[in-house]
Amino acid sequence: MTSPSGEQYEITAAGYTAVVTESGAALRVLSYSGRPLVDGFALDEMSSGGRGQLLMPWPNRIRDGRFSFGGHDHQLALTEPKRSHASHGLARWAAWTLEEHTANSVSLVYRVMAQSGYPWTVDLHVLYDLGADGLTVTQTATNLAGEPAPYACGAHPYLCVGTPANGALEQLELTLPAGTRTLSDDRLIPTSTVPVDEAHDFREGRAVGTVAFNETYGDLERVDGVATATLRRPGGGPGVALWVGENIAWLLLYSADDVPGKERRSLAVEPMTAPADAFNSGTDLVTLAPAGEPADELSVTWGIRAVSAE
């Protein structure tokens, strides 16, 4: 029997172990010295709630699956029927092709063919690389079409500190270097961006407590171009950190309070180059130049590492 997520590609280095799947080039497992760093999914399961998936050529939602670009109107399939949106791109359920697999790294590729709603052909590439600093992920898109193409990307890891358990999130401490957050309507489409209020300000690090997350954070504070969010046990205990490079301006946090059986057991910290509905709002939307021209390609980098107890 083939696993629901297809072929499994394990990589190891410096105490880290990761497993990447053929389906969606998803990160199914990441651990350090046997301690889980992400809340993934089992070998005999398919990803649920976007766990570990790559979100390309757009992250999150496009309202009603409709947008206009280059003077033309487009209609995407509604892949989130509950809210009637096109959700999380076109590659997260695709069978990605293995490019190279070494002891500590794996790269996969997938070609998004021109199709109804997204009439551009775009090559997608991902490299997962393990080392002493943990996991580094590089996502790349290259426009093969003769016309400019709209593009944004993201990923959907759920961070955890050890074995996930329902309610475990309450006791953990979150450090989130974000000065703003988006407010959304009842269909989870952003309506405005505001400074973080006291309840949502985690810049100094504090217990998550009862705060429920399903929103995007921006205005990220950086050190040498890198912004880092950290989740750890209280009192300087062990934890996990997710960092993003300069091309990633947004982090969406989601605590799955609305998912029975998985509520508040881990925290999705989703690196995104643009917020939800960027194909309509234009916020941080990238235009890939026609094939062969400068700026026909975009690469972004993010990663996850273990945090030791103080």
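The structure is a predicted model, in which local features need pLDDT of at least 70 and side-chain atom pairs count only at pLDDT 80 or more, while totals for chains, interfaces and linings use all residues. Residues are numbered from 1 along each chain as its sequence is written, and side-chain values use heavy atoms, with hydrogens and water left out.

Along the principal axes, the C-alpha atoms fill a box of roughly 55 × 45 × 40 Å. Among contacts (heavy atoms within 4.5 Å) between residues at least 6 apart in sequence, 65% join residues at least 24 apart.

Of the 310 residues, 53% are buried, a term that means under 20% relative accessible area, with exposed being over 50% and partly exposed in between, for a 1.4 Å probe and protein chains only. In soluble globular proteins, nonpolar side chains tend to be buried together. The largest nonpolar core has 72 residues, and those with the most contacts inside it are Leu-30, Trp-96, Tyr-128 and Leu-231; such a core is a set of buried Ala, Val, Leu, Ile, Met, Phe, Trp, Tyr and Cys residues joined through side-chain atoms within 4.5 Å. Beyond its neighbours within four places in sequence, Leu-30 is in contact with residues that include Tyr-16, Val-38, Leu-130, Leu-135 and Ile-304. A second, separate core has seven residues, among them Tyr-158, Tyr-254, Ala-268 and Met-272.

On a 1 Å grid over the protein atoms alone, a cavity is a set of points where a 1.4 Å probe fits but cannot get out, a pocket is an open set with protein on both sides within 12 Å along at least five of seven lines, and lining residues have an atom within 4 Å of a point. Grid points are joined across faces, edges and corners, and a volume is the space filled by probe spheres set on the points. Strand 18 (178-184) and strand 21 (214-220) each supply at least two residues of its lining, and strand 21 gives the most, with three. By class, this lining has four nonpolar, five polar and two charged residues, where Ala, Val, Leu, Ile, Met, Phe, Trp, Tyr, Cys and Pro count as nonpolar, Asp, Glu, Lys and Arg as charged, and the others, Gly among them, as polar.

The second largest cavity, of about 40 Å³, has a lining of nine nonpolar, no polar and two charged residues. Arg-61 is listed in the lining of the largest cavity and in that of the second largest cavity. The largest pocket holds about 490 Å³ of space; of the 25 residues that line this pocket, the closest to its centre are Gly-49, Arg-61, Glu-80, His-88 and Tyr-254.

Two residues illustrate opposite surroundings. Tyr-217, found in strand 21, is buried, with a relative accessible area of 0%, and its contacts beyond four places in sequence include Leu-176, Val-196, His-200 and Trp-250. Ser-116, in the loop between strand 11 (105-112) and strand 12 (122-131), counts as exposed at 64% relative accessibility, and its contacts beyond four places in sequence are with Gln-75 and Leu-76.

The backbone also deserves attention. Most residues other than glycine have a negative phi, and most peptide bonds are trans. A cis peptide bond, with omega of about 5 degrees, joins Met-56 and Pro-57. Ala-14, in the loop between strand 1 (8-13) and strand 2 (16-21), has a positive phi near 50 degrees, and Asp-284, in the loop between helix 1 and strand 26 (286-288), has a positive phi near 60 degrees.

Key
Helices (H or I, at least four residues) and strands (E, at least two) are DSSP runs, numbered from the N terminus.
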